Amino acid sequence: MYCKCLLIDHARQVFDEMLERDLVSWTSMISGYARSGDIEEAELLFGLMPDRDVVSWGAMMTGFVQNGCHEEALLLFREMQMGGVWPGEVAIVGALSSCASLGLRSLGMWIHGFVVRHDIELTVFMGTALIDLYGKCGDVESAYKVFGLMKERNMASWNSMIGGFAMNGKTKEALRLFSEMEKVGIEINSVTLSGVLSACRHGGLVEEGCYYFQYVPREYEVLLNVDHYGCMVDLLGRAGHVNEAFELINHMPVEPNEVVWGALLGACKIHGNLELGEHVLKKLVELDPQNSGNYVLLSNMYAMLGRWYDVERVRAVMRDIGVEKPRGWSSIEVNTVVHEFYAGDWSHPDISKVYEKLAELHGKMEVLGYNPSTGLLV
DNA sequence: GTAGGGTTAG
C-alpha cells in the first residue's frame, strides 16, 4: 500500500508536468488513484478532465465499484444515461456488479433488458455479472438461465454460478456443477472452493465439506485461506463438533480472524459450551477492542456464571479503553441491574427469575432473550 | 503498429 501510494504520487508529478495530457493519461491517472484506494482523487480528476470517452467513463465506474461505492457507481451510470453517453460493456458490467452488491434486482433487470433490447452481445464478463446479480438477489433460476445462454464461460462464470446455488440453499446443484466443472476441465481456484464449502455449510454436509476441504487443495494446488477455515469452523461447529472446530483453528497456518472466532462463538452459543465461549470471547476482544458487542457477550457470560467480579472487570476495561456503548439498552446495563439485584448473594442466580425481574423493571426486553436449554442470554 | 477501463468468495 505504501509503495503503491509512492508510485501514484510519482505518476501524479509526471502527469502535472506534462504539456499535453491526452485521454489516455487522464484515464490512467483516474484508474491509478482508484486502484490505490483514493477514490476521491480519482473522482476529482474525472471531474476536471476536458473530454471523456467510453473508456474513461468505464474506468470511473469500475473505480467506484472496486472501492465499494455502489451508490456513486449507479449515479454515474444514471449520469451517462441522462447525458446521452452510450455505456460501454465495462460500465454495464460495473453497474450490474453494483446492483448485485446492493441487492437491486429490478434495476439490474432493467439493465439486462437494455442489453437485450440493444442486441448487445452477452460476453463472459456481462454474463458473469448477470449470474452474480440474479444469484445474490435470490433468483437462481434466472442466474442459471443466463449461465446456459452464454456462449463462452470462464472460471469466474462457473464460480459465480456455484456461489449462486450455494447461497440460495441449492446444495446439490452447487456440488453437481463443481463436478461438471472438473469434468470439463475448467481451472479451479480458491473462489471455487469457497463456493463449494459454502454450499456444504448451507446444507449441513459435514462429511462432504471435510472431503472437499482436503481434496481440492491437494488436487488443484489451491491455497487454503482464512475464509475457507471460517467456513469449516462454522460447518463443524453448527453440527455440534465444537471441539473439532476449535482444533481446526489451533492448526491453522494463518492467523484466525474475527470471522473464524465468531463462527466458533456461534457454535458455543448453540451448543452451550461456556468454557470455550469465554476463551473465544477473550480472543475476540483482543482482536477488536472497540467492538462493544464482544464485551457485552463476555460480561453476559460471566453474569450467567455468577462471576460478578468478572462482570465488573469487563465494565472497567470498557471504561478504560473508552468503548462506546451501543445506543439504547445494552446488556451491560441489564447486567448492572442483575448485579444490583443479586448483590451480596454469592449463589448462582436463577436466571429465569432474573429475566422476570428485568421484564418487570423495564416493561419489555429489547436486547436479551433467554434460552432455557442452554441458560444463555442472547 | 498502439496506448487507458472489466466479472466471481466474504
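In helix α8, the buried residues are V124, M126, G127, T128, A129, L130, I131, L133, Y134 and G135, where buried denotes a relative accessible area under 20%, exposed over 50% and partly exposed the range in between, with a 1.4 Å probe and protein chains only. With 10 of its 13 residues buried, α8 is mostly covered. These buried residues pack against α6, α7 (105-117), α9 (140-149) and α10; contact here requires heavy atoms within 4.5 Å. Helices (H or I, at least four residues) and strands (E, at least two) are DSSP runs numbered from the N terminus. Following α8 is G138, which has a positive phi near 80°.

The model is predicted: local features need pLDDT of at least 70 and side-chain atom pairs count only at pLDDT 80 or more, while totals for chains, interfaces and linings use all residues. Residues are numbered from 1 along each chain as its sequence is written, chains are lettered from A and ligands numbered from 1 in the order in which they are written, and side-chain values use heavy atoms, with hydrogens and water left out.

Chain A comprises 21 helices and 2 strands. Of its 378 residues, 46% count as buried. Among contacts between residues at least 6 apart in sequence, 56% join residues at least 24 apart.

| Residue | Atom of DNA strand B | Distance |
|---|---|---|
| T27 | base nitrogen | 3.2 Å |
| S97 | phosphate oxygen | 3.2 Å |
| N159 | base oxygen | 2.9 Å |

Two or more residues each are given to this surface by α2 (23-35), α4 (54-66), α6 (89-102), α8 (124-136), α10 (155-167) and α12 (190-203). The largest share, 6 residues, comes from α2. Within α2, the buried residues are S25, W26, T27, M29, I30, S31, G32, Y33 and A34. After α2 comes G37, with a positive phi near 95°.

N159 belongs to helix α10 and is buried, at a relative accessible area of 8%. Its side chain makes a polar contact of 3.1 Å with the side chain of N189; such a contact is a pair of N or O atoms within 3.5 Å, and within protein one must be able to donate a hydrogen and the other to accept it, with residues adjacent in sequence counted only if both atoms are side-chain atoms. Apart from neighbours within four places in sequence, N159 is in contact with M181, N189, V191 and T192.

The largest nonpolar core has 103 residues, and Y212 and L264 touch the most other members. Such a core is a set of buried Ala, Val, Leu, Ile, Met, Phe, Trp, Tyr and Cys residues joined through side-chain atoms within 4.5 Å. Residues up to four places away in sequence aside, Y212 touches L175, F178, L193, V196, L197, C200 and P217. In soluble globular proteins, nonpolar side chains tend to be buried together.
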